[in-house]
Amino acid sequence: MPQARAETPAGQGVAIPNFWNPRSRGERVEAPQTGRAVRFLTDDEFPPLHFAGPDGNPTGFVVELARAVCERLSITCSVQARRFDTLLDALNERQGDVVAAAIPLTPTLRGKFLATRPYFRWPARFIARSGSGLPEPSPEALAGRSVGVIAGSAHAAYLKAFFPKAVQREFTDLSAAESALRRGETEYLFADGLNLALWLGGFEAGGCCAFSGGPYLENRYFGEGIGLVTRQEDAALSRALDDALQRLWDDGKYAELYLRFFPVSPF
């Protein structure tokens with residue numbers, strides 16, 4: 001997957017994912033004029049994608065990206081937070097027009113709703129202790145080496161399928177696996193890149209560890225990612241949202257928001 005890199009004020013390179021094909025650009029797609037604000041629905045309990053800001057209003061990478069889309073399309077929008085498990089029902093019942101939240105794109109969802117191309121995905125990543133001198137992961141390099149995984153997870157299944165000679169050590173939750181890596185009880189940890197990035201950049205990790213190797217994005221194991229979801233009858237709005245997302249990448253706004261919310265990139 002193509003990536004861009006940006007320098008933080010501290011001089012550290014941050015990988016910014018690019019989900020858009022430069023050859024797919026066409027004429028600008030205008031949003032349909034409805035005479036009212038386009039209502040975005042989100043959840044406020046999943047940082048850094050969507051959460052309640054200091055003033056109580058929704059913010060986060062997904063929310064601010066949605067606001068940037070509205071500005072790019074020159075349309076008036078509102079953003080309302082609801083409980084995560086009610087978002088699609090609320091959209092279906094016309095209590096909003098677009099869902100901007102971390103709802104995975106699946107064939108089942110696409111059978112009931114429309115969605116833009118993904119603007120974010122959950123990469124799987126390896127991490128290891130900083131300064132350990134361990135090689136970057138490969139099927140050969142991990143032969144006989146201990147790798148922490150969450151029991152029953154897609155990451156455990158992927159490791160078993162593609163790194164069969166690695167020695168899996170299973171944990172019941174990610175916190176336990178992270179602690180074991182920090183204490184040197186495992187050599188690597190393989191898990192969700194977003195959660196790992198948050199841990200690496202936080203107090204609990206204490207600078208102990210770092211990503212090793214690149215992201216893994218196989219749909220069959222880790223999903224298609226997330227997009228902006230609309231009702232099926234709102235095809236014109238969905239096309240306009242899709243076009244605006246790509247143009248936000250083109251003009252650098254996507255990268256600006258990504259750097260704001262992901263100081264440690266999961267990619």
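Where is the place of T186? In this predicted model, T186 lies in the loop that runs between helix 5 (174-182) and strand 13 (188-192). Because its relative accessibility is 1%, under the 20% limit, T186 counts as buried. Leaving aside neighbours within four places in sequence, the residues in contact with T186 are R129, S146, G148, R169, F171, A180 and L181. Two of these contacts, A180 and L181, fall within the range of helix 5 (174-182).

Backbone geometry was examined next. Most residues other than glycine have a negative phi, and most peptide bonds are trans. A cis peptide bond is found between P47 and P48, with omega at about 5°. P48 belongs to the loop that links strand 4 (45-46) with strand 5 (50-52). Positive phi values occur at S74 and R94, neither of which is a glycine. For S74, phi is near 55°, and the residue sits in the loop between helix 1 (61-73) and strand 7 (77-81). S74 is classed as exposed because its relative accessibility of 61% is over 50%. For R94, phi is about 65°, and the residue is located in the loop between helix 2 (87-92) and strand 8 (98-99). With a relative accessible area of 45%, R94 is partly exposed, since this value lies between the 20% and 50% limits.

A search of the whole structure returned two disulfides. A disulfide is a covalent bond between the sulfur atoms of two cysteines. One of the two joins C70 and C77, whose sulfur atoms are 2.0 Å apart. The torsion about this S-S bond is -100°, and the link of C70 and C77 is left-handed. The two partners are assigned to separate accessibility classes: C70 is buried, at 5% relative accessibility, whereas C77 is partly exposed, at 26%. C70 falls within the range of helix 1 (61-73), and C77 within that of strand 7 (77-81); the loop between these two elements is the one that holds S74. The other disulfide connects C208 to C209, with an S to S distance of 2.4 Å. Its torsion about the S-S bond is about -95°, so this disulfide is left-handed. Both C208 and C209 are buried. When the bonded cysteines of the chain are numbered in sequence order, the pairing reads 1-2, 3-4.

The packing of nonpolar residues was then considered. In soluble globular proteins, nonpolar side chains tend to be buried together. The largest nonpolar core in the model comprises 41 residues, and those with the most contacts inside it are F40, L49, F61, Y119, F120, Y254 and Y258. At least two residues of this core are supplied by each of strand 2 (13-17), strand 3 (38-42), helix 1, helix 8 (235-250) and helix 9 (253-261). Helix 1 gives the largest share, eight residues. Not counting residues up to four places away in sequence, L49 touches T59, G60, F61, V62, V63, A102, F120, W122, L194, I226 and F262. Among these partners, F61 and F120 are themselves listed with the residues that have the most contacts inside the core. Apart from this core lies another, of 17 residues, which includes A128, L142, V147 and Y221.

Technical notes. Residues numbered from 1 in each chain as written. Predicted model: local features only at pLDDT ≥ 70, side-chain atom pairs only at ≥ 80, totals over all residues. Heavy atoms only, no water. Helix = DSSP H or I, 4+ residues; strand = E, 2+ residues; numbered from the N terminus. Buried < 20%, exposed > 50% of the residue type's maximum accessible area, 1.4 Å probe, protein only. Disulfide = S-S within 2.5 Å. Core = buried A, V, L, I, M, F, W, Y, C linked by side-chain atoms within 4.5 Å. Contact = heavy atoms within 4.5 Å.
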